[in-house]
Amino acid sequence: MKRLVRLPGSPARSSADVDAELAFHLDGRIEELMARGMTRDDAEREAMRRFGDPATVRAEMERIDTDTRRRTAFRERVMELARDARFALRTLGRRPLYTGAILVTIALGVGANAAVFSAVHAVLRKPFEIPGIGRLAVVRDDFPRMGLRDAALSPLEALDLFDRKELFTTATAVGGEGATIEIDGVPTRASGAPTIGDFFGTFAVRPALGRTYRPEDSEMGRPRVVVLSHRLWTQLSADSAILGTTLRIGETPYEVIGVLPASFGYPRSALYWRPMTLDSTLLNQDKSRGTLITGFVGRMRDGLTVERLGGELRAIAEQWHRQYAAGYANVSDHTMMARSFVIAQAGELRPIVTALLVAVTLVLLLACANVASLQLVRAAGRARELAVRAALGAGRGAIARTLLVESTLLTVGGALLGLVAAQGAVRWVRALELSRYPVLNSLDLSAPVLAYTGGIAVLTGILVGVAPGLRAMRTDVSAALRDSGRGASGGASRHRLLRLSVVSQHALTLLLLVGAGLTMRSLDRLLRVDPGFAADDVVAFSVSLPQQSYTEGGQRLAFWRSFEERLRAIPGVQSVGFALGAPFTGSAGSTMYDLPGVPPMAGEPRRHANQAFVFGDYFRTMGIEIVRGRAITMADGAAGATVVVVDETLVRQSFGRADPIGASIVHGAEGTIVGVARSVKLADLTEGSHPLVYHNYGGVAGWVGSLTAVVRTSLPPAFLLKAAQRSLAELDPSIPIADGASLRERLDASLGPRRLSTRILGAFAGMSLVLALLGVYAVMSHVVSERSREIGIRTALGAQRSQIMAMVMREGMTMAVVGLAIGAGLFAALGRLMRALVYGVPVFDAATLVGASLLLVGAALGACWLPSRRAVRVDPAVTLKAD
Amino acid sequence: MANDLDLMRGTLDLFVLKTLAWGPRHGLAILRWIETVTQAQLQVEEGALYPALHRMEQKGWLAAEWGLSENNRRAKYYRLTPKGRRQYTATLSHWQRYVSAASLLLASEGDA
């Protein structure tokens with residue numbers, strides 16, 4: 001067949017062709033002109049004149065030819081690929097089981113990665129669409145010896161840092177507050193962020209509507225202005241006419257001057273931002289340097305790192321202690337630390353996300369190893385086919401390409417299936433509605449996630465495609481054809497690869513099993529942690545009294561008294577208490593305490609305690625046991641200002657075996673210890689114990705306007721909350737009930753991320769176990785069928801069934817055990833990544849390791865047993881005749 | 001005499017297609033045929049012909065192969081591909097419409 005299109009072959013050939021073509025033309029012309037009587041010289045000149053400049057023409061022709069060559073080559077390659085793809089599809093279609101197994105394996109690996117990466121993306125990046133987010137640093141106060149770590153800064157400290165222009169180009173400090181805002185006529189609790197410094201400049205956020213305020217707006221006497229979140233704006237009106245209107249936050253009127261875009265969400269729960277007014281109290285250097293109410297965020301100057309910033313901050317703290325000795329009189333161990341904003345925001349989700357990322361990478365590696373081993377087994381089966389193709393003239397490159405196209409198709413197909421699976425997983429996580437982590441509710445498969453998945457898929461394709469491809473390149477044609485067709489040449493090296501793959505699958509599976517086992521055991525330990533209170537049948541909700549209508553302490557006390565009576569009157573309510581600082585309802589802060597007359601014991605830590613203000617039948621309602629003395633009760637009333645209950649931790653730390661009852665304590669105010677309560681977990685089941693002081697709210701009600709009501713009841717929480725709202729409305733319809741939930745729900749919510757990571761790790765470990773077992777099964781089946789001749793001979797020579805079985809089992813179990821050993825070694829190296837996820841058990845927990853190993857060995861035994869049964873059934877008469 | 005008519009590239013393509021519609025020819029033969037038929041009134045700049053031929057080959061309108069010329073020398077022969085034949089028909093009808101429209105315009109009176 002003539003292939004005219006391909007005439008311009010190599011560049012050299014094409015150049016010679018152009019020369020020949022032009023020479024033919026000019027020679028022809030010259031001869032023609034000479035035939036008409038011209039001299040040779042004249043004819044040459046005339047021919048050249050008619051032709052023009054040969055050099056230009058030549059150059060253009062070569063340019064066109066080069067282009068043609070390139071296009072032709074490209075078209076041929078595409079056609080070749082299409083041919084290969086059609087061929088591969090036919091080949092794969094003939095083996096639906098093999099194809100299906102590989103597709104599902106890749107889908108699991110890629111899908112798990114896509115899902116986890118979407119979580120990583122949501123947790124670490126997405127909530128903050130902030131330009132240059134990497135330059136933002138968070139500064140925190142730190143009191144290591146008091147056990148007060150990672151604390152907010154005082155506004156005075158923040159103001160000092162604002163002046164450090166050599167560290168921060170812009171900076172801000174953000175407080176938090178809750179206030180009642182009327183939305184559609186319903187008073188609703190809203191959280192807001194009073195800010196000082198250049199909040200909007202630091203976060204580089206521009207208003208979607210109107211304008212923002214400036215640092216100077218924090219000075220006394222400035223007009224009160226507020227910037228709304230997009231969410232609050234849509235709840236209020238979603239109309240630009242809102243600008244200039246007055247919004248009452250609590251009782252204070254503010255002028256609405258702007259709305260931020262929906263993409264901005266810092267602090268996450270903030271519905272509005274306003275300048276924090278710096279009054280004379282906040283600016284008192286002697287009294288307010290310890291008022292730790294603002295989170296500091298600064299944009300670091302170029303060249304400054306978080307590490308260097310940390311060093312600078314420690315020096316600055318030292319300088320402050322000298323400069324403001326009175327302000328830091330009560331604390332001896334104050335210092336400051338810096339952290340990157342992104343890391344600080346990911347918070348407690350970060351270690352989980354990191355562990356999941358490692359786990360999901362292991363799953364992917366395992367899936368790749370699995371697919372590679374399936375392909376190797378398959379390659380053995382088709383070695384003859386490939387050898388025939390090679391003998392018929394297909395180049396090694398062509399054969400390798402066929403295999404590569406095949407694995408590309410498998411990878412792409414698997415990756416697409418994986419995305420579908422990931423979509424399902426993401427829906428599932430969203431359906432869990434982890435209310436504490438709203439960031440997880442916004443999971444989706446966004447563009448970066450898709451890009452990441454694409455990258456993963458390409459990597460997978462290379463990992464699973466290259467090994468078989470390379471092996472095919474080395475296929476020895478004559479050996480493969482000579483062979484009986486079942487064993488290919490290079491059997492030894494293939495077996496090595498297969499063993500390697502099975503061993504690594506076991507190692508990876510062990511890692512995942514141990515990881516999942518550890519999180520499960522931790523969760524189990526956590527569920528058994530005694531929080532110190534009886535969480536069941538207690539509903540908690542918070543109520544805030546408007547400051548301007550309840551100015552007097554007596555007024556507030558009267559309100560709580562009558563509210564308590566009404567709550568108690570609800571049928572089904574057993575007891576009612578109130579507190580600021582009840583467990584899992586938010587902190588009431590902490591203060592140093594002093595015990596006049598009680599000298600510090602040897603090795604006693606700094607006397608620093610959390611605090612709570614309680615009112616009514618709090619201890620009985622919460623089920624907090626009073627181990628000595630008595631509880632604070634309603635009877636203590638306003639007169640019992642000095643009545644204090646401390647917890648066991650404080651007694652253990654400061655009294656030892658001595659009797660604390662009757663001792664006087666200075667904790668904010670001076671009081672007398674009347675009782676000792678069991679220690680409770682305040683915010684997290686994993687927290688260590690820290691002293692806690694209970695104050696009698698009745699005696700100090702002058703300044704606390706907001707309490708959490710706790711109600712012990714057999715009523716369903718929703719029902720109780722409705723009844724409580726009705727009782728409240730009878731007293732004062734302008735006050736909303738906020739944060740209503742049972743204590744059990746709150747405890748469960750605090751375990752949400754752990755439950756989630758346990759489930760995910762468990763799912764990963766289960767998946768890997770199945771994959772690894774499939775791998776062992778496939779490989780051992782292959783080994784048995786390859787050695788059926790040998791087995792036949794052995795049987796013919798009188799080997800016992802049990803001996804044959806033992807031989808096969810031994811080979812399979814050796815791989816499993818070697819894999820276990822490697823996996824255990826890997827875990828020794830990677831285990832510390834688990835530390836943040838593990839509670840109550842050591843990271844290197846022998847029970848978990850042994851349990852996981854036994855599970856894996858048991859499963860591997862099963863996976864080897866089936867092929868070994870087949871080996872026993874080998875009929876020597878058949879296998880020996882087969883050749 | 002209109003023997004200095006400038007040939008635009010598109011027109012040259014059409015001429016080449018027309019010429020090759022009679023059968024395969026090498027470049028020189030194409031030029032000679034154009035000279036003969038137009039009685040040497042159309043002067044083609046000969047150097048421009050060859051790039052045009054290669055370009056049409058790239059587009060798949062022409063196919064080329066080496067053969068022996070009348071006087072037994074190696075020459076590159078071009079022939080129309082089916083795609084080139086379709087192109088010829090399309091260009092020709094386009095050209096004819098253009099020429100008749102142009103003649104109508106040029107033949108018209110100033111205030112028709």
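Helix axes are lines fitted to C-alpha atoms over the stretch in contact, and angles run from 0 to 180 degrees between N-to-C directions. Helices (H or I, at least four residues) and strands (E, at least two) are DSSP runs, numbered from the N terminus. The model is predicted, and local features need pLDDT of at least 70. Residues are numbered from 1 along each chain as its sequence is written.

In chain A, helix 21 (residues 743-750) packs against helix 22 (residues 752-786) at an angle of about 50°, and their axes are 4 Å apart. Helix 21 of chain A and helix 22 of chain A are therefore oblique to each other; angles under 35 degrees count as roughly parallel, over 145 as roughly antiparallel, 65 to 115 as roughly perpendicular and the rest as oblique. Asp748(A), Ala749(A) and Ser750(A) of helix 21 meet Gly752(A), Pro753(A) and Arg755(A) of helix 22 in this contact (heavy atoms within 4.5 Å).

In chain B, strand 3 (residues 74-80) has five of its seven residues buried, so this strand is largely enclosed by the rest of the structure; buried means under 20% relative accessible area with a 1.4 Å probe, protein chains only. Two strands pair if DSSP finds at least two bridges between them. The table lists the pairings of strand 3.

| Partner in chain B | Sense | Bridges |
|---|---|---|
| Strand 1 (residues 25-26) | antiparallel | two bridges |
| Strand 2 (residues 62-68) | antiparallel | seven bridges |

Arg25(B) lies opposite Tyr78(B) of strand 3, and Gly67(B) lies opposite Ala75(B) of strand 3. The hairpin of strands 2 and 3 of chain B has five residues between the strands, and Asn72(B) takes a positive phi near 65° there.

Notes
Chains are lettered from A and ligands numbered from 1 in the order in which they are written. This is a predicted model: local features need pLDDT of at least 70, side-chain atom pairs count only at pLDDT 80 or more; totals for chains, interfaces and linings use all residues. Side-chain values use heavy atoms; hydrogens and water are left out. Buried means under 20% relative accessible area, exposed over 50%, partly exposed in between (1.4 Å probe, protein chains only).
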